[in-house]
Structures are given as structure tokens and as C-alpha cells.
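Here is a report on side-chain packing, covering nonpolar cores, aromatic rings and charges over rings. The model is a predicted one.

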Amino acid sequence: MNAPLEGIRIVEVGHMLAGPYCGLMLADMGAEVIKIETPEGDIGRTVSPHFIGPHNAYFASLNRNKKSVVLDLASDDGREALGHIAAQSQALVTNLRPSAIHKLGLTYDTLRKWNERIVCVALTGYGLKGPFSENPAYDYVIQAMTGVMALTGSPTSPPTKAGYSAVDNSAGLVAALGLLAMIVQGRGGQVDVSMYDVMLSQLNYLAGADLNAGETIQRMPDSAHPYVVPAQIFPTADGWLTLFITHDKFWKKFCEEIGRPAWLVDPKFASMAGRRAHRTEVVAAITAVLSEASAAAWVRRLGALGVVVSEVGTLSDALRSDIAADRSMVVALGDGELPLRAVASPIKFDGYTPSYGLPPLLDQHHDEVLGWATA
């Protein structure tokens, strides 16, 4: 099978995470992604203290399978070269600030003279234009502004950010979706993706409760679900356990396995509505039972019944898990000469496996790309 995006050429003018992650998803599906960099290079080339040979681990995690070309887009020659590349590309994605996007000519209005069918995706904090467009926007700030921090962590602790760059990664995925939608439609145009919009969209059912019922969404203790009980983490005799029970048949299996058949008839415990109304009492009772054994033991017992349950593990645990191995989610980059590894593409296709190449050295493909672009 050919790569799903074979023959698609994407120009990426991005840095750090959101734009490069968008480009990474497309490159893993076979698109030719040409990364335009300043003479200093993407700051991601130096942000991590970890280097494998000449490659920074942070940069490598986001830029494999791409081609690097250095252009000074502030110069006439640089913009001319970009135009030649755009003329033979299907799309351009950038996550620079709106003022820089406009100044450097990275919009459809500017690039359409080179290519009427090019798709230009602007991935910004608050939109490509408007009264808030130039406000600084980073993952941390968007999490704070959209309520993600206020919803995360213990009610008695300070607001807490998600443990990874949830905004940047989510925005990169949405940008890739918008880009491909326009390519499928077969016409050029501007796509405007705002990090702020993306995170509000991902708060979907919580926003619905606020908008339609006036519910004030609160932080829940122990990472609990606002409506489903039990659905949270529990301390055990050894380790933390995640338990998530939504259906009566699994509640029945759970109660029978832990030796609490009375909970199946007690109105405080028997139904989801009852458990939600008496959350504190129900959670305390379940906690007392789960404290009698380790998290691993409960996973073995309850998991065998089909109950949704897991130990709370670390990233290192996940990377070395049987599931990650079965899904081939850890891959070597390049020919294996360097011990450089990364997380694989999450999208699997029958008959196609990505080739995971090394990230490009700065300006490595300058002559190759400008050779065909200006030919």
C-alpha cells in the first residue's frame, strides 16, 4: 500500500510544538514536509538538555521524516524562495504569531499568487485576526484561561496544569484535520485554528452543563468524574487504582467480587443516581474495601471480569508495557546506528507502516528543495 499522503507536499513554518506536531502527523502518513527554519533554527533544536549524536531529543520527537530548509523570510529573496516552494505544494502550516504570519506573507491572500489551490493553516493562540490575536499564547496560558487548570488537581490544592502539553498537541491535531479537509475539498484557502478555541471545544460536555443548566463546574477530589460514581482513583494497600464503572452489569460484577451483595439493593449504592447523590459515603466505602489489597491484585481480579480498572503507572511504565510493544509504539529513528528512539504514529493503516527517519539537520535539504522548487 502506498503511504496515505504520498504525493502531498506540506510547507511547515513552525517552531517548538504545535506546528511541528501537526507536520509530524502528516509526515508519518507519507506527506513530504518541508520545514522552513531561520538561520538560528527552530528553538526546539536546543530546548532539551538531551542529545543523541547531533540530534536534540525534544526536536527529534517532533520533526522526524521532514526536510529542513533555511530561509530568511524577512528578505525579498527568502519570500521569493518560499513562493517557489509554495507553488509546488498543497499546503502550508504555521504557528507563528499573527503579526509575523502577515508580515512574512504566510497567508493565503499572499501565497495565492503562487498557487491558487494552496491551503494555508494559521495555528495561533486566539485567531489570525481580531482584538485578541496578538496576545501572548502558550500552552500554560491557554490552560489557565480556558478553565483547564481550574478543573485539574485536588480541590484543596492550587489549580494544576495537565501533565503534558495538552493544548499544543491538541491544536496540532486539529490543524492537521482542517488542512486535510481543505485538500480533500480540492480548493485553496485560509484555515484559522485557535488554541483557545480548540481547548474550549475539548471541554464539550462540561461546557454544555454550564451553558444549558448553569452548572458551575468544580474540581473533583481524586480525579473523579462529575457524574459517574465510581470513576476516579483510589488508594490501595500498594499503589493507586483507577476504577471506572458506568454500567449496572459491571457494578453487579464488582459488588459480587468484593463481597458486598448488599450494595446491589441499597438505594444509596444500587443505581448511578443513588451513588452520585451519596458520593462521599459510597467513595468512602469503596476506599475501605480497596485498601485491603494492592492495586496490582485488584487489576488481576477485577480486570478478569471486564471491569474498567488500571494501576496508575508512570510514562516509563507505559513506554515499556506489553501494550506499547504489541502496538509497536516505540520505534528507532533512522537506520539504528544512533540509539535515537521516539513514540510512533498513533494511526495504523492496513498494509502501510511509516518509515521513521531521522530528524533533519539544519538546512540539510536546502539544495534539494530549492533545486526542484525553482526548476
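V193 belongs to the largest nonpolar core, which has 31 residues. V193 is among the members that touch the most other members, together with I10, L26, A31, V121, L123 and L179. Several elements each supply at least two residues of this core: the helices α1 (18-28), α8 (166-185) and α9 (195-202), and the strands β6 (91-94), β7 (119-124) and β8 (189-194). The top contributor is α8, which gives six residues. A second core stands separate and holds 26 residues, including I36, L73, L111 and I118.

In soluble globular proteins, nonpolar side chains tend to be buried together.

Now the aromatic rings. The whole structure has six aromatic pairs. In one of them, the ring centres of W263 and F269 lie 4.8 Å apart and the planes meet at 20°. That angle is under 30 degrees, so the W263 and F269 pair counts as stacked. W263 and F269 are both buried. They also belong to one aromatic cluster with W251 and F254.

Which charged residues lie over the faces of W372 and Y140? The table names them.

| Charged residue | Ring | Distance to ring centre |
|---|---|---|
| R9 | W372 | 3.7 Å |
| K161 | Y140 | 4.9 Å |

R9 lies over the face of W372, and K161 lies over the face of Y140.

Definitions and conventions:
Residues are numbered from 1 along each chain as its sequence is written. This is a predicted model: local features need pLDDT of at least 70, side-chain atom pairs count only at pLDDT 80 or more; totals for chains, interfaces and linings use all residues. Side-chain values use heavy atoms; hydrogens and water are left out. A nonpolar core is a set of buried Ala, Val, Leu, Ile, Met, Phe, Trp, Tyr and Cys residues joined through side-chain atoms within 4.5 Å. Buried means under 20% relative accessible area, exposed over 50%, partly exposed in between (1.4 Å probe, protein chains only). Helices (H or I, at least four residues) and strands (E, at least two) are DSSP runs, numbered from the N terminus. Rings of Phe, Tyr and Trp (its six-membered ring) pair if their centres lie within 6.5 Å; planes under 30 degrees apart count as stacked, over 60 as edge-to-face and the rest as tilted. A charge sits over a ring if NZ of Lys or CZ of Arg is within 6 Å of the ring centre and within 35 degrees of the ring normal.
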